[in-house]
Amino acid sequence: MACILHIETSTDVCSVAVSNDGLCQFERIEQGGERGSQASEKIGSMVDDAMKSVESGKLKLDAVAISSGPGSYTGLRIGTSMAKGLAYGSDAKLIAVPTLQLLCVPVLLNEEKHFASLAETDKVLLCPMIDARRMEVFAALYDTSLHEVRGVQSDIVDADTYKSFLDQYHVFFFGNGAEKCMEVINHPNAHFVENIQPLAKNMMPLAEMRLRKGQMEDVAYFTPQYFKDYQAKLPKKLL
């Protein structure tokens, strides 16, 4: 086990948490306003408070975990800069947790509540969604062991977008992107879980797993998912 500082800034709900030996020692959450960047602009003071809790507990910071997107460009940029600076300054490891996997954690922790009515839980898929624009979302599909069934894509959602999966599985949709899809996806195998947000405290099991497996990032060269997707669309002459 280790002492890890977790930073989540991918949406308008930003949060910071500190875990030590698998237990949450500190948590702070800020809800954004009309501008998605409002909460992320407070991340500096949130991290300062988190570091004070580390110091007051006489703990050594072993790693900094960052929610790596997809999500808000502004939020990811601010959060990543903060995480990289802390990792470098504290000589701590940098861990990247995919935001869509992070969204799955609270659903899986309440698995009995969500899946109890289904006789065949191996026929369940999780579809976390982050709002993009209009009817577009960032989404991926995972099984209940968080094995990737379909990778992260930018989907324009209509009644048939996930039909091939819904014809074979019970699919649970959640995240702020799922809210606008509830009236569009009418398949009998579609289930919607409300009030699921990416929170720093839920990064704990995923960050610790990556730390145990040695899945760390290069502090100098790490970029979040949003930037990678953006760069992939640019003409090569601009890179």
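1. Strand β2, residues 13-20, pairs with β3 in the antiparallel sense over 8 bridges. Strands here are DSSP runs of E of at least two residues, and helices are runs of H or I of at least four, numbered from the N terminus; two strands pair if DSSP finds at least two bridges between them. Along this pairing, Cys-14 stands opposite Glu-30, and Ser-19 has Cys-24 as its bridge partner. The hairpin formed by β2 and β3 has 2 residues between the strands, and Asp-21 in the turn shows a positive phi of about 55°.

2. This is a predicted model: local features need pLDDT of at least 70, side-chain atom pairs count only at pLDDT 80 or more, and totals for chains, interfaces and linings use all residues. Residues are numbered from 1 along each chain as its sequence is written, and side-chain values use heavy atoms, with hydrogens and water left out.

3. β1 and β2 run antiparallel, joined by 6 bridges, and a hairpin of 4 residues connects them. Ile-7 stands opposite Val-16 of β2.

4. The 5 strands form an open sheet of mixed pairing, in the order β3-β2-β1-β4-β5. Its edge strands, β3 (23-31) and β5 (93-97), each pair on one side only.

5. How many residues of β2 are buried? Of its 8 residues, 8 are buried, that is, under 20% relative accessible area with a 1.4 Å probe, protein chains only. Both faces are covered, with Val-13 and Ala-17 among the buried residues on one side and Cys-14 and Val-18 among those on the other.

Technical notes:
Buried means under 20% relative accessible area, exposed over 50%, partly exposed in between (1.4 Å probe, protein chains only).
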